[in-house]
Amino acid sequence: MLNIVLFGPPGAGKGTQAAKILEKYQLIHLSTGDILRSELASQTTLGLEAKKYMDKGELVPDSVVIGMIESKIDSNAGAKGFIFDGFPRTTAQAKALDEMLEEKGAPITMMLALEVEKEELIKRLLLRSKESGRADDQDRSIIENRIKVYNNETAPVQGFYEAQGKYEGIQGMGSIDDIFHRLCNAIDLKK
Ligand code: ADP
């Protein structure tokens, strides 16, 4: 299996690049942000509870997102592999993911981390807010909080994969196609 963690701050382009990668390598896309937004659209208890955190740019509790990912992995038993997008976002989530995949005998192949400067992130998210309708994209102070939460709680996940020799930084500035080619080169070297 090819199991990729796509990593990077909000606005780094994870969703855009995930769509291109999964088409080329026939993988299943697991985006915790997308799953949470679809729970919210269906007005489930989980979705309504998660909204309280998402609207402020805070993280949803680990137990909630870990349970969600586990059930998605289980319901895609025949998959060639997964792209994890927006997960793991804490070291506890990364450890839980390793345990789940160990049971399946299909560990994480690599973490691909999109590197983008802070001012560019804010610019992209404010631009996205015009089409996405996402509450957490509309306001500069919420965006700044998401980047702060990323730096405090999520950035340490990099070290978790570095220690396993699985971390790969990718320059995330430039055209969508150029970035995609950089990602494919890194994947093809590891495959
Ligand atoms: P972005 O990468 O642009 O911040 P996402 O769609 O990945 O957007 O996530 C949106 C929000 O959903 C986050 O700010 C957070 O509240 C919640 N969320 C998504 N994934 C996780 C996760 N793995 N752990 C905790 N909260 C999450």
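This is a predicted model: local features need pLDDT of at least 70, side-chain atom pairs count only at pLDDT 80 or more; totals for chains, interfaces and linings use all residues.
**View 1. The whole chain, to get your bearings.** The chain holds 9 helices and 5 strands (DSSP runs numbered from the N terminus, with H or I of at least four residues for helices and E of at least two for strands). Its radius of gyration is 16 Å, close to the 16 Å that the globule rule gives for 191 residues, so the chain is as compact as a globular protein of that length. That radius is taken over C-alpha atoms, and the globule rule is 2.2 Å times the number of residues to the power 0.38. The C-alpha atoms fill a box of roughly 40 × 40 × 30 Å along the principal axes. Buried residues make up 46% of the 191 residues; buried means under 20% relative accessible area, exposed over 50%, and partly exposed in between (Shrake-Rupley method, 1.4 Å probe, only the protein chains shown counting as cover).

View 2. Side chains of opposite charge can pair when their charged atoms come close. A salt bridge here is a side-chain nitrogen of Lys or Arg within 4 Å of a carboxyl oxygen of Asp or Glu, and by this rule the count comes to 15. In helix α3, Lys-52 and Glu-49 sit 3 residues apart, about one turn of the helix, and their side chains meet at 2.9 Å, N to O. Helix α6 holds Glu-120 and Lys-123, also 3 residues apart, with their closest N and O atoms 3.4 Å apart. Lys-123 is exposed at 57%, whereas Glu-120 is partly exposed at 21%.

**View 3. A salt-bridge network around Asp-137.** Arg-128 forms a salt bridge with Asp-137, the closest N and O atoms being 2.8 Å apart. Arg-128 is partly exposed, with a relative accessible area of 30%. Salt bridges that share partners join Arg-128, Arg-134, Asp-136, Asp-137 and Arg-146 into one network.

**View 4. A negative patch on the surface.** Glu-70, Glu-99, Glu-102 and Glu-103 gather here. Patches are made of residues with over 30% relative accessible area and no salt bridge, like charges being joined within 9 Å. Asp and Glu count as negative, and the charge of Glu is placed at CD. Helix α5 (residues 91–104) gives the most to this patch, with 3 residues. Glu-103 lies in that helix and is exposed, with a relative accessible area of 66%.

**View 5. Backbone points worth a look.** Most residues other than glycine have a negative phi, and most peptide bonds are trans. Gln-26, in the loop between α1 (14–25) and β2 (28–31), has a positive phi of about 60°. Gln-43 also has a positive phi, near 60°, and lies in the loop between α2 (32–41) and α3 (45–54). Gln-26 is partly exposed at 48%, and Gln-43 counts as exposed at 54%. A cis peptide bond joins Phe-87 and Pro-88, with omega about -5°; Pro-88 lies in the loop between β3 (82–85) and α5.

Notes: Residues are numbered from 1 along each chain as its sequence is written. Side-chain values use heavy atoms; hydrogens and water are left out. Patches are made of residues with over 30% relative accessible area and no salt bridge: like charges are joined within 9 Å, nonpolar side chains (Val, Leu, Ile, Met, Phe, Trp, Tyr) within 5 Å.
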